[in-house]
Amino acid sequence: MFTIPMTHYTLLGEVLTPVHIGDGSVITPLEYVVIGDQVIRFRPEVLLQYLPAPEQEKVGEYLDQADIVALRCWFGQQFENTRESDLPPAAIVTRSQATHSIQQLYREKLGDVENQMELQPFIYHPLDGQPYIPGSSLKGALRTAVISQEANRKLRRKSFWQDYEEGFRNDKGSLFSRKTLGCNLQTDPFRALKVSDAILLENSTQYASVYNLGLNREGKLRSDTGGKGIPIQTEVLSPGVVFTASLTVLTALQKLNEASAQEREQRSLAQTVTERDLVNACQEYYSADAIAAEIDRFFKGHSGAEPTMQRILDIAQHQLAENQFLLRLGGYSQFEYKAASAFRVLQDKNHKTPTRDGRSRNLMESIYPLGWVRMTLLAEGETVTINGKTYDALPATLPAYDVRSLKDRQQVFQDLEATKIEVVTAQLEEERRQEEERLATERQAQAEAEWLLAEAAQKQSQMTPLQRSIEELLAANAGQANYVTLLQALHKDQWESEADKRAVAEVIRQQMEEARVWKETTKAKKPEKDKDYQRTLEVLGYFK
């Protein structure tokens, strides 16, 4: 059996500016409500099933009258007036933070039937309902950087221009990328790279307004007051979120030394793309020069976006280690970061209007450019520290596969995904176990405290008035020896009857004997100086 050698790496990403990766859908106020600072997405059909008959009839009337505003308000009232525990759990889809602009839009436009108030949600995994970054999005951003780097080299060749003129006039990018890499679908070098999905934690996203701002007559980006256009309400990853994905290099698909010559010809790759190639290509594509040029063209003097972009520029210039690079992910992250620079140059030859840099920018809340992420490539056993927290590379435990079997080659990718899911599941299980242990410890401590209180209450109920007064006195003077406290109380005539005094004296005698300070005789030259002896004599006086 031939095996597929694989090298495993971890892609660790730190979100620098908001990132939106959508699933292509939109939701309306008949599928979400804004309560406080939260957007709650729900399944209306599930919620309606649990309603009492009068409420169902009311909803039916709204539907018959096509009263959309009434339906919107009714759903909002259900969430405002009903405790969360009383709502059917299956009705809630997701919860996300809402920025001030989203909260204000919901309050002001809920009653405006002309305003559809559509939101663009982030992509959520169909199995566990958690937000995630598809591995294809990460791999696509890496591929664009590699293609751009290779195309910049080939752009100097006259034959490359001629090929474009002859066959690529209407190319949308796919032919260009294959020509650049010198491959077809079977020999594409990225077949040897597998990037897993990055599962995100709850509370990683927020809904915000994204504005497309164009250049004014002076060639500067419009300010907040210069006309924002129509905002797009979008769910984005919040800055500061950290995620991990696995990158697996199937080295056997790069070099099939064991295969026959015919197999190599049929299945070998056009070229090899290593992990180092990925890092170098991204450092070149998402470079400090490109960021500085974007700042100069669009953000110079823009009070909102320029400070953010200057921070991105500072990271690109001074805060990237050898295994780190920037990526631009998701929607609204600008044309020039989604297409190879050489491809844009070639397209410009057939357009009167240049398309290299675009003519507008997308900004969240008119301040934050979208899509910037700092990536770290970790080999097995390596770590990286982000904001004081240390992250380890993901473990890699995969079996060997028969390289000659199509079934096994497909199984590679399935097992890679399964491994990622197992790792995340194990982490979640460990967190759940620790939480259960903490709760069990708290429950045990609470049970013990309740038992002690019950025992004390029972004991007190069985006490005589004298015993109760002794316990209260000792509790009030816990910092002093009990026999000293009781003897002082006898001096002050705390108890009136002689019988009570003798009973207290007996308690004192027992305590002094236990403390080994009961002395009926003394060898001291000055007996009056022997405190234990004097206290013993005082106690004995109560027995006469």
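A residue is called buried when its relative accessible area is under 20%, exposed when this area is over 50%, and partly exposed in between, as found with a 1.4 Å probe and protein chains only. The structure described here is a predicted model, in which local features need pLDDT of at least 70 and side-chain atom pairs count only at pLDDT 80 or more, whereas totals for chains, interfaces and linings use all residues. Residues are numbered from 1 along each chain as its sequence is written, and side-chain values use heavy atoms, with hydrogens and water left out.

Helices (DSSP runs of H or I, at least four residues) and strands (runs of E, at least two) are numbered from the N terminus. Helix α16, which spans residues 482–491, is mostly covered, since seven of its 10 residues are buried; these are Tyr483, Val484, Thr485, Leu486, Leu487, Ala489 and Leu490. They pack against α15, α17 and α18 (531–541), where contact means heavy atoms within 4.5 Å. Just after α16, aspartate 493 takes a positive phi of about 55 degrees.

Two packed helices are described by the angle between their axes and the distance between the axes. Here, axes are lines fitted to C-alpha atoms, for helices over the stretch in contact, and angles run from 0 to 180 degrees between N-to-C directions. Helix α15 (residues 465–476) packs with helix α17 (residues 498–514) at an angle of about 50 degrees, and their axes are 11 Å apart. That makes α15 oblique to α17, given that angles under 35 degrees count as roughly parallel, over 145 as roughly antiparallel, 65 to 115 as roughly perpendicular and the rest as oblique. On the side of α15 the contact is made by Leu466, Ile470 and Leu474, and on the side of α17 by Asp500, Ala503, Val504 and Gln511.

Serine 366, in the loop between β13 (360–364) and β14 (368–369), has a phi near 60 degrees and is buried, with a relative accessible area of 1%. Asparagine 387, in the loop between β16 (383–386) and β17 (389–392), has a positive phi of about 50 degrees although it is not a glycine, and at 69% relative accessibility asparagine 387 counts as exposed.
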